[in-house]
Amino acid sequence: MSVAKPLPHDSAPLHVTGQARYIDDIPTPAGTLHLAFGLSTVARGTIIGVDLSAVRAATGVVAVLTAADLPFANDVSPSNHDEPLLATGTVHYIGQPIFCVVATSHLSARKAARLGKIDYAEETPILTIEAALAANSRFEDGPRIWSKGDVDAALTRAPHRLQGRIEMGGQEHFYLEGQAALALPQEGGDMIVHSSTQHPTEIQHKVAEALGLPMNAVRCEVRRMGGGFGGKESQGNALAVACAVAARLTGKPCKMRYDRDDDMIITGKRHDFRIDYDVGYDDRGRVQGIEFTQYTRCGWAMDLSLPVADRAMLHADNAYLLPHARITSHRLKTNTQSATAYRGFGGPQGVLGVERVMDHVAHALGLDPVQVRQVNYYRAAEGGLSAPHRPAASPPEDISGTKAGQDGQDMTSRGAAGGGQRISSGTGGARRFGAEHSPQAEDYGPNTTPYGMEVTDFALHAMTDRLLASCDYAARRAAIAEWNAANPILKRGIGFSPVKFGISFTLTHLNQAGALVHVYQDGSIHLNHGGTEMGQGLFQKVAQVAASRFGVDVSAVKITATDTGKVPNTSATAASSGSDLNGMAVQAACDTIRDRMAACLADLAQTTPDKVRFAEGRVHVGAEVLSFAEAAARVYVNRVSLSATGFYKTPDLSWDRIRGQGRPFYYFAHGAAVTEVVIDTLTGENRILRTDILHDAGASLNPALDIGQVEGGYVQGAGWLTTEELVWDDKGRLRTHAPSTYKIPAVSDRPPVFNVALWDQANPAATVYRSKAVGEPPFMLGISALLALSDAVAACGPAYPALDAPATPERILTAVQKVRG
Amino acid sequence: MKTKDISVIVNGEEVRASVPVRRNLVDFLRTDAGLTGSHVGCEHGVCGACTVEVNGATVRGCLMLAVQADGATVTTVEGFAASGRSAALAAAFTRRNALQCGFCTPGMLASALGYIDRGGTADRAAIREHISGNYCRCTGYQSIVEAICDVIEERTAP
Ligand code: FES
Ligand code: FES
């Protein structure tokens with residue numbers, strides 16, 4: 001069976017020979033035109049004059065489009081209809097597209113785009129959290145507040161109490177392949193769009209709207225992306241729509257790719273956050289009550305900011321049972337790029353908030369931070385799979401989704417149906433955990449999250465024990481203390497961080513997927529589903545599922561490009577859900593075909609379908625053995641369909657985002673990391689020395705690919721918190737808009753000792769082959785690097801470092817000086 | 001737009017073209033020579049996705065003009081693959097899962113070959129130093145360093 005085998009990435013042979021095609025590599029018909037945007041140079045204001053004569057006169061320019069030239073919808077927003085493709089009178093950030101140049105080459109389009117003369121009546125931009133709060137500039141009418149228990153009483157009663165604040169920066173995706181799209185006009189006004197996107201259905205939808213066509217006239221295809229990380233969930237809309245509109249107007253194929261500077265200036269990034277905390281705890285560091293206030297700069301348009309901020313709230317507990325908790329979230333509207341999806345989708349920011357609290361409490365009590373975490377953990381799962389069913393909390397269906405759909409909203413966007421939507425899928429099959437038997441049960445109440453979801457599958461107690469033992473934590477911590485006592489200049493630090501990450505889209509109806517599978521008469525298999533490949537290995541994992549269902553080698557399965565014409569109404573490949581959802585849909589499609597084959601072959605052999613077995617490329621029909629190809633041919637000749645669709649929807653979900661109550665997640669994925677660092681107290685420079693990770697991928701569909709996700713996720717997470725700094729000036733100009741000023745981890749930044757292992761327990765939830773989602777959760781393990789840096793700084797003096805992120809050398813140096821007092 | 005006629009030996013074959021004098025080498029390879037294996041990630045010399053070999057030296061295709069390559073011998077990922085020079089490395093990258101989205105891979109292979117073919121040793125610190133100009137946003141680099149090490153160890157094994 002090919003599932004669980006560490007097979008290489010399906011595109012590896014193409015990548016190592018340079019044959020893999022990205023959007024910019026697709027051969028284009030003669031006469032293809034190229035696009036570039038002219039961008040706003042002020043962060044907030046009204047356009048009072050536009051002179052594009054120099055642009056129109058420039059070499060190679062075929063057409064120049066402004067908002068007035070757009071034939072239908074001027075909107076590329078995934079949710080709120082607040083993001084015009086081209087500005088309409090007002091501008092809201094530096095980098096906002098105002099006009100679009102169509103030219104005979106990429107370079108001439110870009111050069112001409114610089115020649116536009118725009119006059120603005122400038123207004124004072126809202127750039128900071130303070131400014132946004134002062135102006136009450138926000139999305140939604142006020143802050144979202146969720147709470148559990150009696151927080152104020154718990155805070156007052158607690159033996160100890162402290163307050164603090166952490167600031168954490170945003171993050172540029174820096175997918176190595178920038179945003180790109182290619183539109184090919186077809187007969188009768190139809191349009192084919194190739195887009196580097198995680199969300200082909202949204203591209204199809206936005207293009208259809210912009211062309212005034214039904215969705216069936218537009219087809220979006222994506223074979224692969226050169227990295228996505230969330231940055232290609234909604235940010236590719238503008239390019240695809242611009243290309244389609246220009247292709248319609250000129251009748252020529254149109255292509256657009258952002259060069260790196262434009263990409264960084266125009267597109268949204270990870271949300272930066274400020275989190276204030278107030279915590280009451282006992283002598284062991286056990287949290288009694290806690291209050292978080294999260295502030296995030298969402299940028300100028302809503303995009304996916306509401307669900308991002310929700311997910312930050314949903315992860316404010318991370319791995320800890322908080323008996324009394326209140327989480328307040330301010331979603332602030334600022335004149336900056338519209339912050340968007342990025343691996344973890346707000347989860348990392350929420351997790352970092354509570355990890356900071358654990359670190360701060362441990363420092364205040366002089367305890368080992370790992371111990372403080374362990375006493376605060378959720379209680380471990382008990383009882384396993386046989387436990388009783390529990391009904392879901394909310395009514396099963398709500399029609400508000402239908403209504404939103406009629407407004408022309410993209411229902412497949414995570415930003416859809418911004419308020420009040422309640423959709424449930426099925427009733428609960430959740431396993432109960434054994435709170436009654438737990439010693440802490442009376443003290444800290446039920447094992448529920450601040451949003452009322454029972455935690456039934458918590459794996460971190462055992463994982464932590466194993467990781468601490470395998471990385472020799474206790475001895476190394478002692479050795480580091482000794483080393484620090486002897487070394488005045490260089491200081492070492494060690495940090496531990498766990499992650500418990502909720503798996504499912506929080507917009508419940510997105511938890512569905514479709515697949516299309518064909519078996520041809522020669523026994524070869526054609527596989528298609530709604531997931532997109534951005535390097536994560538989704539296609540290979542799903543192909544392994546298909547091969548396993550038919551009992552053939554994975555080489556018999558042809559993986560094909562995601563195509564809205566084959567599988568419709570897909571959700572974005574996001575929320576780590578790719579293999580969970582699409583794997584199940586493909587399994588269903590394969591099983592339909594396999595059952596038809598079995599019935600047909602059994603009938604011919606006058607036996608029953610249960611006597612038909614598919615294994616090792618053969619089909620056993622009673623005593624007879626056929627090759628899979630012979631079996632397929634025989635079934636075909638007997639006029640049985642060898643093509644099927646498959647569909648899956650995640651069960652047991654029920655979520656009310658306004659009240660902050662329910663069961664938004666099907667299960668949790670876990671991980672734990674220990675990082676050791678060294679800092680130079682004279683310069684603030686620092687190095688990661690060693691990292692050990694134990695990560696929970698359930699019964700992995702492909703351990704090699706999953707370990708790749710863990711390693712890559714950790715390094716990207718550590719980059720977010722160390723070297724990757726976004727700087728805007730006081731005019732709202734992003735000053736770090738190229739890799740010369742924005743530093744992602746290079747090979748020299750990765751830990752020289754890097755031990756990664758997978759936890760060996762199957763998922764208690766009934767996922768595809770009991771695997772777990774793995775795209776986002778390991779990202780948060782990078783938090784251990786920040787905690788290690790904080791530990792090293794703490795070795796310099798008595799005060800708490802309160803290190804903000806990213807912990808650049810400047811910040812580390814400042815913190816060192818601060819702790820020395 | 002000023003143009004100049006150039007002739008470049010690309011992967012063993014002569015490519016003649018009249019190119020704008022400002023066109024960089026990687027654009028020449030991608031558009032005039034039709035070889036899209038070399039990628040463009042940043043276009044100012046930081047990411048390494050455009051790395052190719054010019055007259056035996058490892059070069060960033062976005063920092064060299066096509067006219068500067070007039071008369072030169074250029075090898076891209078397609079050439080390394082066709083000649084078999086990258087076979088061991090390609091196998092190791094595949095086996096080690098040293099690629100995910102693959103966008104960095106052609107440049108990474110070119111840099112790694114430059115190291116290996118100049119007698120680089122299986123010293124992980126030296127390998128890291130050598131490829132520190134090639135960004136990969138996906139893998140976390142661990143598998144890339146191991147893959148390069150594998151190839152050197154295979155070569156030097158008795
Ligand atoms: S494209 Fe040449 S170094 Fe990035
Ligand atoms: S594999 Fe994606 S950048 Fe390296």
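Buried means under 20% relative accessible area, exposed over 50%, and partly exposed in between, with a 1.4 Å probe and protein chains only. This is a predicted model, in which local features need pLDDT of at least 70, side-chain atom pairs count only at pLDDT 80 or more, and totals for chains, interfaces and linings use all residues. Residues are numbered from 1 along each chain as its sequence is written, chains are lettered from A and ligands numbered from 1 in the order in which they are written, and side-chain values use heavy atoms, with hydrogens and water left out.

**Exercise 1. Work out how chain A compares with a compact globule.**

Step 1: take the radius of gyration over C-alpha atoms, and the globule rule as 2.2 Å times the number of residues to the power 0.38.

Step 2: for 821 residues the rule gives a value near 28 Å; chain A has 27 Å, which agrees.

Step 3: look at burial and contacts. In chain A, 66% of the 821 residues count as buried. Taking contact as heavy atoms within 4.5 Å, 80% of the contacts between residues at least 6 apart in sequence join residues at least 24 apart.

**Exercise 2. Trace the strand partners of E10(A) and the chain path between them.**

Step 1: two strands pair if DSSP finds at least two bridges between them. E9(A), residues 180-185, pairs with E10(A) in the antiparallel sense over 5 bridges, with Ser195(A) as the bridge partner of Ala181(A).

Step 2: inspect the hairpin of E9(A) and E10(A). There are 5 residues between the strands, and Gly188(A) in the turn has a positive phi of about 70°.

Step 3: turn to E11(A), residues 218-222, which runs parallel to E10(A) and is joined to it by 4 bridges. Here His194(A) stands opposite Glu221(A).

Step 4: follow the chain from E10(A) through helix H6(A), residues 200-211, to E11(A); this β-α-β crossover is right-handed (with the strands pointing away from the viewer, the path from the first strand over the helix to the second runs clockwise).

Technical notes
Helices (H or I, at least four residues) and strands (E, at least two) are DSSP runs, numbered from the N terminus.
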